[in-house]
Amino acid sequence: MTAVLEIEHLTLRFGGVNALNDLSLQIDQKALHAVIGPNGAGKTSFFNCLTGYYRPTSGVARFQGSDITGLGAAKVAALGIRRTFQNIRVFPKMSVLENVLAGGHLRATANLLSITVGGPGFRQSERELHKEAMASLEFVGLADQFNNLAGDLPYGMRKRMELARVLIANPIVVLLDEPAAGVSSVEREELSRVIRRIHDNGTCVVMIEHDVDLVMEIATEVTVLDHGRIIASGLPEEVRNDAEVIRAYMGRDRK
Amino acid sequence: MVVLAAFFPQFTQNQYYLGVAFQAEMLMCLALGLNIVVGYAGLLDLGFAAFFAIGAYTTGILSTKEHWSILASIAPGVVIAVICALIIGFPTLRLRSDYLAVVTLGFGEIIQTIAINLNQTGGPTGIYAIPAFSIGSIVVNSNAGYYYVFLILVIIFALFSTRLRYSRLGRAWLCIREDEDAAKAMGINISHYKLYAYMFGAVLGSITGSLYAPALTAISPASFGFSESLLIVMAVAIGGLGSVWGVMFGAAVVEIFPEVFRQFAQARLLIFGILLVFLMVMRPRGLFPERAFQGLGARLRSRFFKSIDPAALIVSDGVKTSGPRAEEP
């Protein structure tokens, strides 16, 4: 077991509200880790702390052994932790291809000089990036949409485009914030297939998901949050039968 | 269109037409410069004429007092403009929209005030007797000559802007314009790229200024005020933010339209203003928004830059069995 993400006593306070309360968690490189919990449990706050959008009040997050707490969002992304957003953040006035190319921003090696004065380095780097971008789009089944404006894509396709944008960066850890929220059952199948394949390629996937069926189907580990606290963590079957989880997440004890 | 522009002075000996065409070219250069800041990176700049002034004054001072050649004086102008871009850039990194507009407006006013009050810049009367632009033995000293100098400059700027737009630099700028938080998730260092935008804009503005000074032989602070900045912003907004074709067209409209309606004397600016309001209501994203010339633009790009045809990279319509990580062991 090699933990790619180690979270220790992570706490995040907004005024008097404890959004996250003393979270400790280890996520394995080979995991497809699902984070579930009722609305307001702190799932997205947890992601924001890991990716540098929020600075935790206290506690440490380590990525491959090095401290990433308090690093800026761009720096965290550069390390190989990529994320999607709950309310999808595409660049609407850019084409689908350009959105994905932007995801590969750090892989484009052309420096300022070669961009401005031109040269083989620039062209070479652009050509390779375009190839990778098209490969990523094919991976999520959107290659034929490359020239459309991202803002014109239907919802489900935007979600997949966001995945392609993450994948082009060859991330080590992918954080998906509700990948299946609001998509049709057909799109959901497609997404679950894509997520599973990302995982099969050796990428650690951490996802927030409300769709319990999807979680039980593809996740290898599940963590349940409630009121900023971990109330259960383990294999999907274990968590499903945990009494506290049933009470907090499913409503009340069903007998 | 380029061919038409190239032979324009042959068609007409009318110095007035040539003068208007020259002014339009100059505004195109400035609009292309501002387009990098406002159109690409989405940073509203209401003091862009300041960079134009820096170029013009640097050239004016160096060529009259130090007897530098115009060509040699471009470089120090660019250096000073870039330094000023960083000075205005750093404190405004965290500002957005309205606040940024106010600060840049102030910067424009400061530069103009400095030009009025400094002895070296000739005070309110400015600098005169600026020598002609020359390369080797070719001396440019006619209206038609400067028309060609600026035509070449417009073409260079347009190609340069296009190149920037379709590089990772341009993509990063657009990402920042569209969604700063998402741009960070791409690993884009927001502060750096905002400063780059200011710097590149300043470079284009300053070069335009350096060539404007010899074309007019005299410069005064009045040419670099808020109204000039506003004219440049108008050109960009009318043409279409971020669109190279659009902002050039916008500059032409802003410059030529009031001249065409000169017969209406005092009322012409009123007419122009009303038309502008209508234009912005009906086409809020400009006459030629970013993707208006997409097909043509892509074809020209592939010609000039041997760019990549993404359609050729599609292996199949379906999903490939191997993903982007597949090539790794």
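## How α3(B) meets α10(B)

In this predicted model, helix α3 (residues 15-40) of chain B packs against α10(B) at an angle of about 170°, with axes 7 Å apart. Helices here are DSSP runs of H or I with at least four residues, numbered from the N terminus. Axes are lines fitted to C-alpha atoms over the stretch in contact, and angles run from 0 to 180 degrees between N-to-C directions. The two helices are therefore roughly antiparallel, a label for angles over 145 degrees.

Among the residues making this contact are Phe22(B), Met26(B) and Leu30(B) of α3(B), along with Ala197(B), Phe200(B) and Leu204(B) of α10(B). Contact means C-beta atoms, placed from the backbone, within 7 Å. The contact residues divide into 15 nonpolar, four polar and no charged; Gly counts as polar here, while Ala, Val, Leu, Ile, Met, Phe, Trp, Tyr, Cys and Pro count as nonpolar, and Asp, Glu, Lys and Arg as charged.

## The nonpolar core

Now for the core: the largest one has 179 residues, and Ala31(B), Ala197(B) and Met248(B) touch the most other members. Helix α10 (residues 190-216) of chain B gives the most to this core, 16 residues. Such a core joins buried Ala, Val, Leu, Ile, Met, Phe, Trp, Tyr and Cys residues through C-beta atoms within 7 Å, where buried means 20 or more other C-beta atoms within 10 Å of the residue's own.

Beyond its neighbours within four places in sequence, Met248(B) contacts Met28(B), Ala31(B), Leu32(B), Val154(B), Ala158(B) and Gly239(B).

## Chain B overall

Of the 329 residues in chain B, 48% are buried.

Terms used. Residues numbered from 1 in each chain as written. Chains lettered and ligands numbered in written order. Predicted model: local features only at pLDDT ≥ 70, side-chain atom pairs only at ≥ 80, totals over all residues. Buried ≥ 20, exposed ≤ 12 C-beta atoms within 10 Å, placed from the backbone. Contact = placed C-beta atoms within 7 Å. Parallel < 35°, antiparallel > 145°, perpendicular 65-115°, else oblique.
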